[in-house]
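Hi everyone, thanks for having me. Please have a look at the model on the screen, and I'll walk you through a few parts of it.

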Amino acid sequence: MIVVTGATGHLGKLVVEGLLEKLPADQVVAAVRTPEKAAGLAERGVDVRRADYTDPESLVTAFKDADKVLLISSSEVGQRVAQHQAVIEAAKQAGVGHLVYTSAPKATTSALVLAPEHKATEELIEASGLTATILRNNWYHENYTEVIKQAAQTGTFVGSAGDGRVASATRADYAAAAVAVLTGEGHEGKIYELAGDVAWSYAELAAEIGKAAGREVTYADLPADEHAQALTQAGLPEPVVGLLVALDADTKNGLLAETTADLRTLTGRPSTPIGVTVAELVAD
Ligand SMILES: NC(=O)c1ccc[n+]([C@@H]2O[C@H](COP(=O)([O-])OP(=O)(O)OC[C@H]3O[C@@H](n4cnc5c(N)ncnc54)[C@H](OP(=O)(O)O)[C@@H]3O)[C@@H](O)[C@H]2O)c1
C-alpha cells in the first residue's frame, strides 16, 4: 500500500493520478487533511484517510499497513518542522517500510531562505532510522504563474534576481519522479537533486512570454529595496514581499541554478521546457 500525504494539494493530486496509472486503486491511500475534498478519489476506489500534520493520532491511523509513505512537505511555512516530525514519528510507530520526502535543492547545505525547515526535516528522517528517499525538488514553473499572466497583459514584470537562473520544471515532472520512486526499486537511502534540464534567466522568461503573447515583454531588474517597494505598492502583504525579495536574492546568487540529470533519469523523459508552460498559461 502506498500512502500520499497532502493528496488534495497540487503536487499530491498529480502523484495520486500517476500512481493510479500503475496500481489498482485499492493499493493507493490518499492521506488528506480534509477528506471531503478527496470525495472524487474515494469514488474511484482510492482509500481516503484523514491525516492532519497537527494531529499525530490521525497520522498513525492513516499510515496503517503502509509499505511506503510519500510525505509531501507542508505548505504551512514556519510550522513545518513540528508537522513533519509528527509524520516521521507516526511512520515509525506504524512500521512504515519506506518514507519518501519532498525537500528543497541542496537542503542541508544551501543558504536558500526556505532550506532550514527542509534541512531540519531531512535530519529528523536520518535520526529516525527509517528507510528513506529524499526528493530535493527545485522550483516549479508554476511558481511564476501570476508573473507570466500579468506580464503577458502588461508587457513587463519586475524583480531583483539579476541574471540569476532557475532550473525549474513542472509539478507534473516532479510528480512523475515521485511515482517512479514509489513504484520502482533501488531508491532506498538515495537523495535525488531534481531539477529541470534547462536553467533560465528572468530576461529569457520575458522573451518566452513575449513569444507566447505576441508582443514585446521586458524584465525590469530592480535593486532589492525598490523591488520590495513595487510589491508593497501592488498590495502584497509584508511577509510575502519579504519572502519574494529574499527568493530573488537567492536566485541572483545562483541557489536555484543547478541543472541535474536526476529528474530526467527518474522520469525517463526530458523535463518540460519553461516555454511550454508559458504558452499554456498565456493561452489559458
Ligand atoms: N518546489 C517548489 O517550487 C515549491 C513551491 C511551493 C511549495 N512547495 C512545497 O511543496 C509542497 C507541495 O506543493 P503544492 O504545490 O502541492 O502545494 P499545495 O497545493 O499548497 O499543497 C500543500 C498540501 O499540504 C497540505 N497541508 C497543509 N497543511 C496540512 C496539515 N496541517 N495537515 C495535512 N496536510 C496539510 C494541504 O492540504 P489541503 O489540501 O487540505 O490544503 C495540501 O494538500 C508545498 O506544501 C510546499 O511545501 C514547493
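This is a predicted model: local features need pLDDT of at least 70, side-chain atom pairs count only at pLDDT 80 or more; totals for chains, interfaces and linings use all residues.

In what order do the strands of the open sheet run? There are seven strands, and the order is E3-E2-E1-E4-E5-E6-E9, with parallel pairing. At the edges you'll find strand E3, residues 47-50, and strand E9, residues 191-194, and each of these pairs on one side only. If you go from one strand to the next, the twist averages 20°.

Let's zoom in on one pair. Strand E6, residues 132-137, pairs with E9 in the parallel sense, over four bridges. Look for Ile134, which stands opposite Ile191 in E9. Helix H5 packs on this sheet and touches strand E5, residues 98-103, as well as E6. The direction of H5 makes about 170° with that of E5.

Now for the helices. Two packed helices are described by the angle between their axes and the distance between the axes. Take helix H4, residues 80-94, and helix H5, residues 115-128: their axes come within 9 Å and cross at roughly 20°. An angle under 35 degrees counts as roughly parallel, so H4 is roughly parallel to H5. The crossing of H4 and H5 is right-handed. Who makes the contact? From H4 come Arg80, Val81, His84, Gln85, Ile88 and Lys92, and from H5 come Glu117, Ala120, Thr121, Leu124, Ile125 and Ser128. By class, that contact has five nonpolar, four polar and three charged residues.

The second pair is helix H8, residues 202-213, with helix H12, residues 274-283. Their axes also come within 9 Å, and they cross at roughly 45°. H8 and H12 are therefore oblique to each other, and their crossing is right-handed. Here Leu205, Glu208, Ile209, Ala212 and Ala213 of H8 meet Ile274, Gly275, Val278, Ala279 and Val282 of H12. This contact divides into eight nonpolar residues, one polar and one charged.

Last stop, the ligand. How many residues surround the ligand? There are 25, and the closest are Gly6, Gly9, Leu11, Ser73 and Ser75. Helix H1, residues 10-20, gives the most to this shell, with three residues. Sorted by class, the shell has 14 polar, six nonpolar and five charged residues.

Terms used
Residues are numbered from 1 along each chain as its sequence is written. Axes are lines fitted to C-alpha atoms, for helices over the stretch in contact, and angles run from 0 to 180 degrees between N-to-C directions. Helices (H or I, at least four residues) and strands (E, at least two) are DSSP runs, numbered from the N terminus. Angles under 35 degrees count as roughly parallel, over 145 as roughly antiparallel, 65 to 115 as roughly perpendicular and the rest as oblique. A crossing is left-handed if the near helix is turned anticlockwise from the far one by less than a right angle, and right-handed if clockwise. Two residues are in contact if their C-beta atoms, placed from the backbone, lie within 7 Å. Ala, Val, Leu, Ile, Met, Phe, Trp, Tyr, Cys and Pro count as nonpolar, Asp, Glu, Lys and Arg as charged, and the others, Gly among them, as polar. A residue is near a molecule or strand if its C-beta atom, placed from the backbone, lies within 6 Å of it. Two strands pair if DSSP finds at least two bridges between them.
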